[in-house]
Amino acid sequence: MSDDVETTTPAASEPPAASEPPAASEAAAGKGRRAVLTVLPFVLVLAAVGGAAAYTVRTVDGADRTVTTVVWDGRGTKPGVDPAVDADRGRTDTELSRLLMPVPEGYRLGPDIGDLGNDSETSGEKATAVLKDTGRGLAGKERREFDALIDKLRFEGIAYRSYTRGPHVRYTRTGFDDLVLTVRVAKMGDERMVRTVHERRNRMLDSFGVLREGPKIDGHKNVTCYRMPEDAEDPLDSIACYAYKGGISVIIEADGPKPFSASTVAGLVKDQLDHIKSPGRSI
């Protein structure tokens, strides 16, 4: 009887010993999944709200720059119908469009921003729906929390405008062949969330540890700029600036070939932020 006990005891103890590593692994995996699901929704919102998705993937993951872009070269085209007196300087028929700085001297309206055109506006309802659509893939509780987070932002609308310095700017295999500035101004009903998104997006971008510090913008404290990592073999350079003022979130991205003047970009960013403080036609 004792022999049976002696021979069966080790056998009985073996399965728990053998199962411990998988159990520990599963626990760790479960904890990892929970952590990802906790962070993912906010990261998706940051990327969608900030327009940072393409910029982040391009700079951190080395993604191909041959993104789909509708090219506008200005030849044989006329500005679209617009109630503004100087339509070629940008529309001014809505509250948000008036927050976008007019096209500066020496510049013109630039390439289309995806399928949005180069001077357009999206309603808060549509912007909310588009942002919620970025949560596809999440399920159950996580998707509901994601949607609730977007609802908290209370989008009232997003205005877009692009500017270019070149008369016939094109998108080549490596990037734009002249400086292109893209501005997004979003109005939200929750000022606290605007600040929270701004701060957490900055922490997320800082955590990558690869982006260079961008230029400082004189006269504005709630703005942070990032620049692509130095790469002697890359003919393109980019700067992205994120700012906010009350319930207004501003994203400004500049792309162009080297040599790339950070001071020129900083001046344009300052003009845009000054314009939001005191909307007017003088740029």
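The model is predicted. A search of the whole structure finds 16 salt bridges and 1 aromatic pair.

**Helix H5**
- H5 covers residues 191-208, 18 residues in all.
- From first C-alpha to last, H5 reaches 27 Å, close to the expected 26 Å.
- Its buried residues include Met193, Val197, Arg201 and Leu205.
- Gly209 follows H5 and has a positive phi, near 70°.

**Aromatic pair**
- Tyr226 and Tyr242 form a tilted pair, with 6.3 Å between centres and 55° between planes.
- Tyr226 is in strand E6 and Tyr242 in strand E7, so the pair ties together parts 16 residues apart in sequence.
- Tyr226 is buried at 4% relative accessibility, and Tyr242 is buried at 0%.

**Salt bridges**
- Lys187 pairs with Glu156, with the closest N and O atoms 3.6 Å apart. This pair links strands E4 and E3, 31 residues apart.
- Lys187 is partly exposed at 22%, as is Glu156 at 44%.
- Arg184 and Glu253 meet at 3.1 Å, N to O. Arg184 lies in E4 and Glu253 in E8, so parts 69 residues apart in sequence are tied together.
- Arg184 is buried at 17%, and Glu253 is buried at 10%.
- Arg212 bridges to Asp237, the closest N and O atoms being 3.6 Å apart. Arg212 is partly exposed at 25%, whereas Asp237 is buried at 4%.
- Shared partners join Arg212, Arg227, Glu230, Asp237 and Lys258 into one salt-bridge network.

Definitions and conventions:
Residues numbered from 1 in each chain as written. Predicted model: local features only at pLDDT ≥ 70, side-chain atom pairs only at ≥ 80, totals over all residues. Heavy atoms only, no water. Helix = DSSP H or I, 4+ residues; strand = E, 2+ residues; numbered from the N terminus. Expected span 1.5 Å × (residues − 1). Buried < 20%, exposed > 50% of the residue type's maximum accessible area, 1.4 Å probe, protein only. Phe/Tyr/Trp six-rings, centres within 6.5 Å; stacked < 30°, edge-to-face > 60°. Salt bridge = Lys/Arg side-chain N within 4 Å of Asp/Glu carboxyl O.
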